[in-house]
Amino acid sequence: MVATRQSHQHDTQGDFNTRLDLLNLTQEKRDQLNKANTLCAELQNHHQQNMAMEMVEILVEMNLDSDTLVTAYITPCFLANLIEIDTISEVMGSHVASLLTGVSQMATISTLAHQGTGTVQVDKIRRMLLAMVEDVRAVVIKLAEQVCYLREVKNATEEERVIAAKATADIFAPLANRLGIGQLKWELEDLSFRYLHPDLYKSIAKQLDDKRLGREAYMADMVEQVKTKLEQVGIKAEVYGRPKHIYSIYKKMAQKNYEFDQLFDIRAMRIVVDELQDCYGALGIVHTNWRHLNKEFDDYVATPKQNGYQSIHTVVFGPEGKTVEIQIRTHAMHQDAELGVAAHWMYKEGALPGRGSGYEQKISWLRKLLQWQEEVVDGSDLADELKNQVVEDRVYIFTPRGDIFDLPLGATPLDFAYYIHSNVGHRCIGAKVFGKIVPFTHQLHTGDQVEILTQKQPNPSRDWLNPSLGYIKSSRARAKIHHWFKQLDRDKNLSAGKEILDNELQKLDLNYKHLEPAIKRFNFKELDDLMVAIGAGDVRLNQLLNFITDRTDDEPVIRFKTPSKVSGDKNGIVVDGVGSLMSHMAKCCRPVPGDQIIGYITQGRGIGVHRDDCDSFTNLKTQHPERVIAVSWSDEIHGSYALAIKIEASDRAGLIRDISSVLANEKVNVLSMNMEMVDARQLALFTMQVEVHDLSSTNRLLSKLDQIEGVHETKRSH
């Protein structure tokens, strides 16, 4: 049976051992708290030690376990950064350290009311939610800490009291209510009401005190009458008068526009029985012997409140025609009403995570937390961001072990696999939801329990990257798959490029040192990158060898390289063996400095400059090989070059903004942009012309664009 809390009455006198003796703890709990005190005693000041012990006293009345009590005691010391988590884990155990970490993450709870909508803030709130679901004891400790803080600011400045009270009324009290923890909810509400509306509080408290003696005598007589009636029909029950909380009196007066004397529940009684059927048996006895008010009857047993609260409420006319509110419930319902989710710890039940009762309760907690979050941010600046990123656009998934992950809305088992670990995703061959095999395209929902099936060797499929097939939703999974294939191709190309270069260098009696100038010439950072490009065919071997031999032969034959310090035309082009002639960049391939280029003599327009892998140039060369001429880039290039880019991405809000941000950050001038929607696949296809300076800036731009969430492919347009 949960003890009845007397709000605002707490004894803070006495040392640690004196206060510990008053708690009537089991020996195991005493030993653990003594160990925690030994750990913190030299670090805490008097204020911190008093708050620590006061939190323990609150939680003892809620019948919580030793880990919770110890964590509460260490919390003030830990939050003041006086002790490291590793030390706590070593001395008190990993369970306490883990719970303490959860409590520290609860610090984000206060920011819900007044901080901005940044991504970092939303991530903190998401982590807080997950910690709350993982072990809701962290929430109870945080609520107990807030009760202590509200008691403490009683003698602080008015500004400090109001700030604390407003945070409590907006955030903490709704959380306690949503989770059904009535034993803390009442005191949080009363204290915050006292600081926010001191005159109203004092007025109601005075009226209660003025009528206390008469009311207590009246209720004692009424309780005895009810007990006698129940005993006569064989119903075992605890019957007692209960104190009415000041805030609930005020709320009822405000909602119904009543004066104090018009309230029905200033005189209140509670009947607690053993079995469900006894609730209705007791109700029948009460209604048989005392006339009741129909409009004041509520059956929350048949229809529980959103937070799980169950009880029968009725108002009857007692002796002298005075109204008395009576609540009827079972012991289990009373336990739930006082402790809410705190009454259902998995450690008490011994339930394994899974489809059983412990699992269902975890899902229930999560839903209540999400409802509370929507409730407290409603109408605030943070509301839209949280609803988009934490509630509406997220799904919360459990592993068979009970671990929880949050994924984007529409996420698939493959997304989940990659969220667990890259290697799990790479080795994934199937998935089960609640023990049943589902396809990779199955969309997960909040509360799903997902098991990933893997094989020994990684073997992702390129089909997973196809957006029209629906295998993955998250950009995180897509990026990891992209990296896998990029690394796989790189390893193969590196091996092939090294073999090719080794053979050619051996023939020319050269070594790797001769390649160092070529690394810079072809815009690479290191030798391996050059080898990868050779293996992939991005750099042609004859071009590389020509460059090397131009620098090493006694009488070099210059084919694709001009003498240094030769100035080109306005496009930075030098015609091999001639110098500067009129040229223009071919629109079919739009080369930029760093590309391997070749020239084609046109009629009346000078030299058309193409990339040497341009398909159009290949056709021209076949038809008129005599017009082909070697060209190269000047050593001094200062201009900019038009470049066509194509981007394929999944359509979403903010996509154009993100693309524009990358272009702005890279200081790229946009000449034109066009977007086309492919409705059937929900794809956005962008075609744009931009100005760049060279190949390295082009590659950097393409790489940055490719990292944007939802972008599937970015490439130069031919």
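Visitor: Which helix gives the largest share of the lining of the largest pocket?

Guide: Keep in mind that this is a predicted model. Helices H21 (475–507), H23 (527–536) and H27 (695–706), along with strand S20 (711–716), each supply at least two residues of that lining. The largest share is 11 residues, and the helix they come from is H21.

Visitor: What is the volume of the largest pocket, and which residues are closest to its centre?

Guide: The volume of the largest pocket is about 2,300 Å³. Its lining has 50 residues, and those closest to the centre are Lys486, Asp538, Asn699, Leu702 and Ser703.

Visitor: Now for helix H2: how far apart are its end C-alpha atoms?

Guide: Helix H2 has 14 residues, 27–40, and at 1.5 Å a residue it should span 20 Å. The model agrees, because the end C-alpha atoms are apart by 20 Å.

Visitor: Where around H2 do the buried residues sit, and which residues are exposed?

Guide: Buried in H2 are Lys29, Gln32, Leu33, Ala36, Asn37, Leu39 and Cys40. They cover an arc of only 155° around the axis, so they lie on the same side of H2. What covers them includes helices H1 (16–21), H3 (46–60), H4 (66–79) and H5 (85–92). On the other side of H2, the exposed residues are Gln27 and Thr38.

How values were computed: Residues numbered from 1 in each chain as written. Predicted model: local features only at pLDDT ≥ 70, side-chain atom pairs only at ≥ 80, totals over all residues. Heavy atoms only, no water. 1 Å grid on protein atoms, 1.4 Å probe; cavity = no way out; pocket = protein on both sides within 12 Å on 5 of 7 lines; lining within 4 Å. Points joined across faces, edges and corners; volume = space filled by probe spheres on them. Helix = DSSP H or I, 4+ residues; strand = E, 2+ residues; numbered from the N terminus. Expected span 1.5 Å × (residues − 1). Buried < 20%, exposed > 50% of the residue type's maximum accessible area, 1.4 Å probe, protein only. Arc of directions from axis to C-beta. Contact = heavy atoms within 4.5 Å.
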